[in-house]
Amino acid sequence: MGRSRHSDVLRAAQMYYLQDLTMDAIARELRTSRSTVSRLLSSARETGLVQVQIRSPFDTAPELEGQIRDRFGVDVHVVPVLDTLNEAETLDRVAMQAARTIGPLVDSNAIIGVAWGATLSAVSRHLTRKVTHDSIVVQLNGAGNMQTTGITYASDIMRRFGNAYGARVEQFPVPAFFDHAATKTAMWNERSVQRILDLQARMSIAIFGVGSVDSDYPSHVYAGGYLDEQDLAELAADDVVGDVATVFFRSDGSSDGITLNERSTGPTHDQLRQVRRRICVVSGASKINGLQGALAAGLATDLILDEASARRLVSFTGQPAGIPAGNR
């Protein structure tokens with residue numbers, strides 16, 4: 001959007017939403033037509049300049065948000081979704097609101113870490129443009145496996161984030177999992193890989209979903225050929241309930257001794273917890289076990305989820321009491 005157009009959008013939005021002027025009055029002040037004012041206001045909403053919030057006195061979202069915030073120490077956005085929607089439709093609604101919530105949090109000079117996956121793919125399709133300067137989008141984990149390089153799938157997500165915020169995109173051209181831990185150790189000493197690892201170490205924002213072993217809507221890492229039968233057996237033996245950026249954890253948030261993590265290319269939980277803002281997007285109540293594990297590990301500072309998942313989370317009996325150490 002050009003500077004002149006952006007100025008007109010801003011002025012129209014301020015007059016309409018802050019000064020309560022009618023579109024006819026705005027058209028007269030701007031010396032334009034009413035239809036042009038309508039287009040300016042639509043642009044203000046589409047670009048995220050204006051965000052509309054509706055709070056019904058019968059809405060349970062604020063109560064759910066308060067309970068989750070108190071229990072897990074995270075900022076929460078609960079997305080009201082009808083129970084009649086299927087999981088794919090729910091994901092689309094959550095992704096749309098997540099995209100609009102994330103936009104205002106992204107500033108210039110940001111290093112934005114993004115994990116690939118079905119949830120972030122949906123979010124990326126709803127991002128609205130925001131002008132930033134000298135920002136970088138960096139891929140959090142490799143995407144290759146025995147069947148595909150994963151480059152197209154991951155790069156589409158990264159490209160959409162980069163385009164939305166005018167940011168430079170840095171991909172991570174390594175597999176999701178190495179065959180041997182020693183190979184990962186050797187690759188991590190390569191300067192080309194260290195450059196990406198350095199960007200990850202300086203991230204100001206990390207954005208990710210939660211992979212869940214028993215989700216009704218399978219996470220890409222479990223359905224996309226990344227894990228063979230032996231890998232799945234090892235995860236079961238280690239009592240794994242989910243992952244963030246292909247690094248696995250148990251329901252209590254612990255990840256020590258999980259052998260597959262030694263071969264994973266995602267950031268360790270200790271590394272992820274160093275990021276100032278960590279935005280977790282979850283859709284689907286069947287991911288409750290994975291979400292509970294991620295929160296117990298203190299991996300998120302911000303949580304965006306659908307209402308059914310929020311209700312299950314607050315009634316879930318398996319979670320440890322209190323706020324995770326990583327979020328205090």
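Colleague: Which residue forms a salt bridge with Asp107, and how far apart are the closest N and O atoms?
Modeller: Lys130. The closest N and O atoms are 3.9 Å apart. Keep in mind that this is a predicted model.

Colleague: Where do Asp107 and Lys130 lie?
Modeller: Asp107 is in the loop between α5 (87-102) and β2 (111-114), and Lys130 is in the loop between α6 (118-124) and β3 (136-139), so the bridge ties together parts 23 residues apart in sequence.

Colleague: How many salt bridges turn up in the whole structure?
Modeller: Eleven. One of them joins Asp270 and Arg273, with the closest N and O atoms 2.6 Å apart. Asp270 counts as exposed at 53% relative accessibility. Arg273 is partly exposed at 26%.

Colleague: Switching to helices. At what angle do α2 and α3 pack?
Modeller: About 100°, with their axes 8 Å apart. Helix α2 covers residues 23-30 and helix α3 covers residues 34-46. Angles of 65 to 115 degrees count as roughly perpendicular, so α2 and α3 fall in that class.

Colleague: Which residues meet there?
Modeller: From α2, Met23, Asp24, Ile26, Ala27 and Leu30. From α3, Arg34, Val37, Ser38, Leu40 and Leu41.

Colleague: Now the backbone. What is phi at Ala245?
Modeller: Positive, about 55°, although Ala245 is not a glycine. Ala245 is in the loop between β7 (240-244) and β8 (247-250). Thr246 is in that loop as well, and its phi is near 60°, again positive in a residue other than glycine.

Colleague: Why do Ala245 and Thr246 count as buried?
Modeller: The cut-off is under 20% relative accessible area. Ala245 has 8% relative accessibility, so it counts as buried. Thr246 has 2%, so it does too.

Colleague: Last one. Which residues form a nonpolar patch on the surface?
Modeller: Tyr16, Tyr17, Leu18 and Val52, with about 400 Å² of accessible area together. Tyr16 lies in helix α1 (residues 3-18). At 31% relative accessibility, Tyr16 is partly exposed.

Conventions. Residues numbered from 1 in each chain as written. Predicted model: local features only at pLDDT ≥ 70, side-chain atom pairs only at ≥ 80, totals over all residues. Heavy atoms only, no water. Patch = residues over 30% accessible without salt bridge, like charges linked within 9 Å, V, L, I, M, F, W, Y side chains within 5 Å. Areas by Shrake-Rupley, 256 points an atom, 1.4 Å probe, with all protein chains shown as cover. Salt bridge = Lys/Arg side-chain N within 4 Å of Asp/Glu carboxyl O. Helix = DSSP H or I, 4+ residues; strand = E, 2+ residues; numbered from the N terminus. Buried < 20%, exposed > 50% of the residue type's maximum accessible area, 1.4 Å probe, protein only. Axes fitted to C-alpha atoms, helices over the stretch in contact; angles between N-to-C directions. Parallel < 35°, antiparallel > 145°, perpendicular 65-115°, else oblique. Contact = heavy atoms within 4.5 Å.
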